[in-house]
Amino acid sequence: MRSNISQISQELNNTNIGVNLNEKSFNDYKYKEPIQDYSRYFSLRNSTPCQLTEVEISTFLVSDEIYSFGAGVPSKLFFPFKELEFNFNFMESEKVKVSKEDLEMIQQYSDSPGLPKLRNWCKSLQMRYHGLCDPKTPGKEWDVLMTPGSQHAIDCLVKAFFNRGDSIIVERYTYGGMFAVTQPAGVDFAPCLMDERGMIPTELNHLLSNWETIHPTKKFPRLIYIIPHGQNPTGVIYDLERKEEIYKIACKYDLLIIEDDPHFFLQLDNEKAANGRRILNKSFLTIDKEDRVIRLDTFSKFLTSGVRMGFVTTNSKLLGSIAFEINASIFHSSGLTQIALQKLLTSWGDDTFDNHVNHVQEVLIRKRRETIELLEKHLKGQIEYKVPKAGLYFWVKLLGIDCSYEFVRDVLRHHKVIFGLGISSSPDRSIKTPFIRVTFSYLEKEDGEIAFKILSDCLKDYIKNKKKIHHDEDVTFYNNLNGDN
């Protein structure tokens, strides 16, 4: 059964919770017991999975404990890999070799959730950085699923939770890769305004409490999609107070939260502990009291993007339905990729992993500083921007431009210079935007000298030959982002 706005409104009336935009009534919300039944959130597809009995499923499995000839598996005599060893950075020891048993295991089909040792490492990471309890704690069970990157995780979540015509709450600007999954699936977006601390709670509360007026043709949402640290593309960070406010609103309106957090380890301005490592912010997963958060992590942004590996963390009650979608689409993530990561991370140990994170942060701080110097040198007076506190991007407003897409299409790309387009991050592509996204992590200073000089010259020429510009709501958004009123 699906939640609807009328039912929720009645519940709110019964609890005497107001919906005045000028009041933070959501702060009065009293937490309830964790969700036990998630059936109201699932898509029709996920609610009617392929009907296989336990006996049928067992015929597809390979085990040393039984004589199994039902699974469509190749003979190990076919396997091409005879030996495999790795030489990792930040290790003075000799090369790490994959055992014969592990090598045979990764060349055969394996369990959908992922290799047990790699999953255990990921669980340990979530306990260390997000304060989670032991995953087998009675009444608080949780688990992880390995996925070939967060993009595939998003694809599985869309299949699990959305029917065509369903709605999702997103930030005013958000990760453009999500549109490649949600738009073909017929999911409607409901963007919420942002400021320098992320999605604005009063705006979100207003949007949900007045849903039938604001979006009369759209279904009431069941999920919120949020990028909390180094938000893509704006670079903002949700502080703990803002996270708690958003979380209470999600509880109040019975919504789940997809916490897509690829830049968690790329927080750059946080205070350092006595050991010299930065104290990273608490996540939505950390403050999840009602089992509403589905967290997405990836190794792409701070380790290596080519391995295509990430993982989903959520309570065990939800995990099976997500695992079903992984199994239905790819069976499981690549065994070769998983064993490479498993050997790397277990060989490194926690200290070397933490040192690597610190190294990545220091590199990004240097590159961020160099990018600021280049922006000020070549584009001062032509752009506006906020210094990102996390992530990989500068979100830059081109002054005198109403549509960065037209500018890049008609002028800049012909000079062999390309930046991310504001429209690529916009849920509403009908609204023009003067923003571009500059990836400073990939920027080398000598290339930036050339590219930013070309950008400056092209802007001057473009504005000189264009009619007077009329800005739209993006001006309001940028003022909000800068704290202007």
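User: Where is Gln-183 found in this structure?

Analyst: The model is a predicted one. In this model Gln-183 sits in the loop between α7 (179-182) and β5 (188-192).

User: What makes Gln-183 partly exposed?

Analyst: Its relative accessible area is 40%. Buried means under 20% and exposed means over 50%, with partly exposed in between. The value of 40% falls in between, so Gln-183 is called partly exposed.

User: How far is Gln-183 from Arg-164 in sequence and in space?

Analyst: In sequence, Gln-183 and Arg-164 are 19 residues apart. From C-alpha to C-alpha, the separation in space is 9.4 Å.

User: Why are α12 and α14 called roughly parallel?

Analyst: Helix α12 (residues 335-379) and helix α14 (residues 445-464) pack at an angle of about 30°, and their axes are 9 Å apart. Angles under 35 degrees count as roughly parallel. An angle of about 30° meets that cut-off, therefore α12 and α14 are roughly parallel to each other.

User: Which residues make the contact of α12 with α14?

Analyst: On α12, they include Glu-370, Leu-374, Leu-375 and His-378. On α14, Gly-448, Phe-452, Leu-455 and Leu-459 are among them. By class, this contact has 6 nonpolar, 4 polar and 6 charged residues. The crossing of the helices α12 and α14 is right-handed.

User: What makes the contact of α8 with α10?

Analyst: Pro-201, Leu-204, Asn-205 and Leu-208 of α8 meet Arg-242, Glu-245, Ile-246, Ile-249 and Lys-252 of α10. These residues divide into 5 nonpolar, 1 polar and 3 charged.

User: How many residues does α5 have, and how far does α5 reach?

Analyst: Helix α5 (residues 116-130) has 15 residues and reaches 20 Å from its first C-alpha to its last. After α5 comes Gly-131, with a positive phi near 65°.

User: Which residues of α5 are buried, and what covers them?

Analyst: Leu-118, Arg-119, Trp-121, Cys-122, Lys-123, Leu-125, Gln-126 and His-130 are the buried residues of α5. Their cover includes the strands β3 (142-147), β10 (293-298) and β11 (310-315), along with helix α12.

Conventions. Residues are numbered from 1 along each chain as its sequence is written. This is a predicted model: local features need pLDDT of at least 70, side-chain atom pairs count only at pLDDT 80 or more; totals for chains, interfaces and linings use all residues. Side-chain values use heavy atoms; hydrogens and water are left out. Axes are lines fitted to C-alpha atoms, for helices over the stretch in contact, and angles run from 0 to 180 degrees between N-to-C directions. Helices (H or I, at least four residues) and strands (E, at least two) are DSSP runs, numbered from the N terminus. Angles under 35 degrees count as roughly parallel, over 145 as roughly antiparallel, 65 to 115 as roughly perpendicular and the rest as oblique. A crossing is left-handed if the near helix is turned anticlockwise from the far one by less than a right angle, and right-handed if clockwise. Contact means heavy atoms within 4.5 Å. Ala, Val, Leu, Ile, Met, Phe, Trp, Tyr, Cys and Pro count as nonpolar, Asp, Glu, Lys and Arg as charged, and the others, Gly among them, as polar. The expected span of a helix is 1.5 Å times one less than its number of residues. Buried means under 20% relative accessible area, exposed over 50%, partly exposed in between (1.4 Å probe, protein chains only).
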